[in-house]
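Please view the sequence and structure first.

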Amino acid sequence: MDDKKPIAIIAVALVVFLAGGAWWMTRSRAKPPSQNATPLAVTGTEAPIDKPSPEPPANLPPLDRMDGYLRPLLSALSSRPELARWLATDDLLGQLASAIDRASAGASPARDFKVVKPATPFVAGGRGARRTIDPASYRRYDGLVQTVTSIDASSVAKIYRTIRPRLNEAYHRMGNPTSDVDNALRKTIDILLDTPVVKDPVPIIEDGKAGWAYADDELEGLLPTQKQLLRMGSANVDRLLVWLRALKNALD
C-alpha cells in the first residue's frame, strides 16, 4: 500500500466534480408535462413557441494559456487551501486530462497531483500478523474531502460547459485523438460509484513492493483507483460517494 498514491483519489474526485457535469447533462431527460397544466389548443395559424437561445460559447484562450483563465474560475468554487495549492501549479488542464485518462482505466493519477499529498505518513495499527489501518491515517484526508464536498454542483456544471472544448483538446493530446473526454468521465464515475464501503478495522499485510496491502483478496483485487478511495476511511468514502450521487442526480 504505497502511501504516495492514496492522494490520487482526490485528484480523481476533483476531476469528476469539475468536469463530470457535461455527460450527465447530455443524458438529461425531458420532464413530463404537469398533469394540472391546461393543454394548448392546436391551430393551423398558431405561432411557434420561441425557445430560449443557448448561451454563446466563451471566447477561450489557447490551450497553453488556459491557466490564467482557469485559476479565478476554479478558485471561486472553494476557499480551501488544498485547492489553492493545486491552482498554483502549471498546466492545469493538462493535469486534469491526464488524470481523466488514467482514472478512466482504473489507474492511479497520483503523479499529476502530488502538490496536495498529505504531509503525514501512513500509519499501521496492531502488532505482529494482526495489523490494521490506523484511524489516524484516515484523518489525513479530512481536509481534502472537505474541499471536494464543499464545491457546489451547479457551479461545477457551469464551469465545465465553459472549459470543455479546451479540456477535450488536452485530452486528445494525451493520445486519444478519436475518443471524447466525456466517455472517459463516464468510466471514471462508474469506477468510483462501484467502490465498496468497508467498515473498520481493515486488516492489512506487509507487501514487499507497495509497503502494505489489503489482507482481503477481494479488496486487494479492486482497481487501484478504488483501493485508493478506501484508504481514506469509511466516513470519508461515504461523504464522497454521497456527494457524487447528489451531483449525478442534480445533473441527470
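Is R173 buried or exposed? With a relative accessible area of 61%, R173 is exposed, where buried means under 20% relative accessible area, exposed over 50% and partly exposed in between (1.4 Å probe, protein chains only).

## Basis of the values

This is a predicted model, in which local features need pLDDT of at least 70 and side-chain atom pairs count only at pLDDT 80 or more, while totals for chains, interfaces and linings use all residues. Residues are numbered from 1 along each chain as its sequence is written, and side-chain values use heavy atoms, with hydrogens and water left out.

## Overall composition

The protein chain has twelve helices and four strands; helices (H or I, at least four residues) and strands (E, at least two) are DSSP runs, numbered from the N terminus. Of the 252 residues in the protein chain, 46% are buried. The accessible surface comes to about 13,600 Å², and carbon and sulfur atoms hold 53% of that area (Shrake-Rupley method, 1.4 Å probe; for residues, only the protein chains shown count as cover).

Among contacts (heavy atoms within 4.5 Å) with a separation of 6 or more, 73% join residues 24 or more positions apart.

L96 belongs to helix α5, residues 92-103. The residue is buried, at 4% relative accessible area. A170 is 74 residues from L96 in sequence, with a C-alpha to C-alpha distance of 8.6 Å.

## Salt bridges

Side chains of opposite charge can pair when their charged atoms come close. The structure holds seven salt bridges, each a side-chain nitrogen of Lys or Arg within 4 Å of a carboxyl oxygen of Asp or Glu. In one of them, D90 pairs with R71, and the closest N and O atoms are 3.4 Å apart. D90 sits in the loop between α4 (81-87) and α5 and R71 in helix α3 (residues 67-75), so the pair ties together parts 19 residues apart in sequence. D90 is exposed at 59% relative accessible area, whereas R71 is partly exposed at 26%.

Another salt bridge links D180 and R164, at 2.7 Å from N to O. Because D180 lies in the loop between α8 (153-173) and α9 (181-193) and R164 in helix α8, this pair ties together parts that are 16 residues apart in sequence. D180 is partly exposed at 21% relative accessibility, and R164 is partly exposed with a relative accessible area of 21%.

E169 and R173 form a salt bridge of 3.4 Å, N to O. Both residues lie in helix α8, four residues apart, about one turn of the helix. E169 is partly exposed, with a relative accessible area of 27%. Elsewhere, salt bridges with shared partners join D67, R71 and D90 into one network.
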